[in-house]
Amino acid sequence: MTPYWDCAGSTYYHGDARAVLREMPAESVQTCVTNSTTGDTINVSAGSATWTSSITIQNKGLTITGAGVDQTTITDKAFSLNNADDTVISGVTFTSLDNNALTIQGTQNFRLHHNTFDCATWDDILVIGSL
């Protein structure tokens, strides 16, 4: 069974471990990412949040799933994928992104699908040495 993490408003699960998360701040989602292992799924619930720092996924492939476009909305920063092969991000609206809000570096086989990038400019998404 693939570990399931719900990082959004109530609990996250990894095996039998449980912890309560009251909000969707970047720090809470980063904690889920940090404690996860390759192949884990992190579900981010419906709601809106302004992240002042990007969520870093490094050296592991994860699936990040929002509640759906226009249901999970992230403003300012997004994700930084560093050697995060096979990472999937879906079901999120990203709005008013800051420069390089989504950075993908040295990552192969990543997928971004069923997302909306609202007000994105050419420098909001940066892909370096990735396929």
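**Asn 83 is partly exposed, with a relative accessible area of 44%.** Here, partly exposed is the band between buried, under 20% relative accessible area, and exposed, over 50% (1.4 Å probe, protein chains only). This is a predicted model, in which local features need pLDDT of at least 70, side-chain atom pairs count only at pLDDT 80 or more, and totals for chains, interfaces and linings use all residues. Residue numbers start from 1 along each chain as its sequence is written, and side-chain values use heavy atoms, with hydrogens and water left out. Asn 83 sits in the loop between S9 and strand S10 (88-90); helices (H or I, at least four residues) and strands (E, at least two) are DSSP runs, numbered from the N terminus. Its phi is positive, about 50°, even though Asn 83 is not a glycine.

**Asp 70 is another loop residue with a positive phi.** The loop in question runs between strand S7 (63-66) and strand S8 (72-76). Phi of Asp 70 is near 70°, and again the residue is something other than glycine. Asp 70 is exposed, with 63% relative accessible area.

**Four strands make an open sheet in the order S6-S9-S12-S15.** The pairing is parallel, and two strands pair if DSSP finds at least two bridges between them. S6 and strand S15 (125-128) are at the edges with a single partner strand each, so one side of each has no neighbour in the sheet. On average, neighbouring strands here are turned by 5° against each other, direction ignored; the axes are lines fitted to C-alpha atoms, for helices over the stretch in contact, with angles from 0 to 180 degrees between N-to-C directions.

**Zoom in on S6 and its pairing with S9.** The two run in the parallel sense and share four bridges. Ile 55 stands opposite Phe 79 of S9, and Gln 58 has Asn 82 of S9 as its bridge partner.

**The largest nonpolar core has 25 residues.** Such a core is a set of buried Ala, Val, Leu, Ile, Met, Phe, Trp, Tyr and Cys residues joined through side-chain atoms within 4.5 Å. Trp 51, Ile 57, Ile 64, Phe 79, Leu 81 and Phe 94 have the most contacts inside it. At least two core residues come from each of helix H1 (26-35), strand S4 (41-44), strand S5 (47-51), strand S6 (55-58), strand S9 (79-82) and strand S12 (102-105). H1 gives the most, with four residues. Leaving aside residues up to four places away in sequence, Ile 64 touches Val 33, Ile 42, Val 44, Ile 57, Phe 79, Val 88, Ile 89 and Ser 90; a contact is heavy atoms within 4.5 Å.

**Trp 51, Phe 79, Phe 94 and Phe 117 form one aromatic cluster.** The structure holds three aromatic pairs. Rings of Phe, Tyr and Trp (its six-membered ring) pair if their centres lie within 6.5 Å; planes under 30 degrees apart count as stacked, over 60 as edge-to-face and the rest as tilted. Phe 79 and Phe 94 make an edge-to-face pair, 6.3 Å centre to centre with 85° between the planes. That pair links distant parts of the chain: Phe 79 is in strand S9 and Phe 94 in strand S11 (residues 93-95), 15 residues apart. Phe 79 is buried at 2% relative accessible area, and Phe 94 is buried at 1% relative accessibility. Phe 94 also pairs with Phe 117, this time stacked, at 5.1 Å centre to centre and 20° between the planes. Phe 94 lies in strand S11 and Phe 117 in strand S14 (residues 116-118), so this pair ties together parts 23 residues apart in sequence. Phe 117 counts as partly exposed, at 28% relative accessibility.

pLDDT is the predictor's confidence in each residue, from 0 to 100. Where pLDDT is low, the predicted coordinates should not be read in detail. The mean pLDDT of the protein is 79, with 78% of its residues reaching 70 or more.
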